[in-house]
Amino acid sequence: MNDDELITMVREQRTKVPMTVPVEQVISRGRAVRARRQLPGLAAVLAVAAAAVVAVTALLPGHQGRHQPGTNPGIELAAWTVVRHTDGTVDVTIRQLSDPAGLQRKLRADGVPASVIFGDTPNAQPNRCQSYGHPELLQRVITPSTAPGQPRGIAIVMTIHPSALPSNAGVQIITSQARVGVHLVAASQACTGS
Amino acid sequence: MGTQREDFAEFYRGAKDECLFTVLVSVGDRDTAQELVAEAFARAWASWRTVSKHPAPKAWVVRTALNANISRWRRRRREVSVPDPASVADLPAAGGGADSSVNPRIMAALLRLPARQRQVVALRLFLDLDTDRTAQVLGIAPGTVQAHLGRAVAALRDDLMPERQQESPS
């Protein structure tokens, strides 16, 4: 065997390890990356806008800090944001660990069987969920923009792919010592609401 | 936007396996390599207007993936003491992902090469970059690229040829 044949043999290996991540997942994650890049530039605008929203909505009866049902779900100047895209993926941005019940409700309404527990807040509740799945499945369901475990105060951005969830599984967002972790749990009435 | 998305999807389909293998040769672990390459492609999509005009977009992806690996390593060093619910709850049952079709002898021989030789082999043989582009990406002289490639091929020959000679009767 000469060097050319050797090189050919080595070169042939490059297509023998298939990349299994679907392009849709990459694009979805790219969107989150782009949004995160734009975040610092938008911060000042958001701060002003948030102040205006608070000033206006404080006068509205029944306001709970986010929009009323039926309005555009993509604009929420609150502790967290949930945006459902037409391809079924759901982007979640968490800026503050508050109102876990509201976030849980919103995720479930957007088709994600979810449990949210922010353990350090006065709203902490016992964890009624059982773990489900393994890292490979978790990677298909969740694409983090900021790795789980980031310190509090930094926005956590992730994309959830509900279509990758088995029918008997859900997503849990849970804090531990002011860090946010995301994992898969067995779906149940007590845990994910279904 | 639709056309951009199609362009990117086409680029992804055509380049993903080669990029994965190139990064795999550098980091030595498939799951890690796949995660890094997926992240690099996501960043490529986030900056697609720029990356699509890059003279060697596959090299851009590989370089981004390897840079992300360094950042990730640094971040993990800072975070090891804090329990992560995700890692605690979902660690078991990794295992899978063995690539039956890849030749383990060749992979082992590649991983035995010094880091710089591996980088040169990856860029020249797996991404098909020419000598000048490889030199540019690695920040070294074209002559150095050729020298590293020559040494790498010699080392691979020493590692792999005995096996081939036994297989084929002389």
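## Chain A fold and a helix pair in chain B

The secondary structure of chain A comprises four helices and seven strands, in what is a predicted model. Read from the N terminus, the elements of chain A follow the order α-α-β-β-α-β-α-β-β-β-β.

One residue of chain A can be described in detail. A:Val157 sits in strand E5 of chain A, which spans residues 156–160. Because 22 C-beta neighbours lie inside 10 Å of A:Val157, this residue counts as buried, the cut-off being 20 or more. A:Arg95 is 62 residues away from A:Val157 along the chain, and the C-alpha atoms of the two are separated by 8.8 Å.

In chain B, helix H7 (residues 115–126) packs with helix H8 (residues 131–138) at an angle of about 135°, and their axes are 10 Å apart. H7(B) and H8(B) are therefore oblique to each other, and H7(B) passes H8(B) in a right-handed crossing. The residues that make this contact are set out by helix below.

| Helix | Residues in the contact |
|---|---|
| H7(B) | B:Gln119, B:Val120, B:Leu123 and B:Arg124 |
| H8(B) | B:Thr134, B:Val137 and B:Leu138 |

Sorted by class, the residues in the contact of H7(B) with H8(B) are four nonpolar, two polar and one charged.

Definitions and conventions
Residues numbered from 1 in each chain as written. Chains lettered and ligands numbered in written order. Predicted model: local features only at pLDDT ≥ 70, side-chain atom pairs only at ≥ 80, totals over all residues. Helix = DSSP H or I, 4+ residues; strand = E, 2+ residues; numbered from the N terminus. Axes fitted to C-alpha atoms, helices over the stretch in contact; angles between N-to-C directions. Parallel < 35°, antiparallel > 145°, perpendicular 65-115°, else oblique. Left-handed = near helix turned anticlockwise from the far one by under 90°. Contact = placed C-beta atoms within 7 Å. Nonpolar A, V, L, I, M, F, W, Y, C, P; charged D, E, K, R; others polar. Buried ≥ 20, exposed ≤ 12 C-beta atoms within 10 Å, placed from the backbone.
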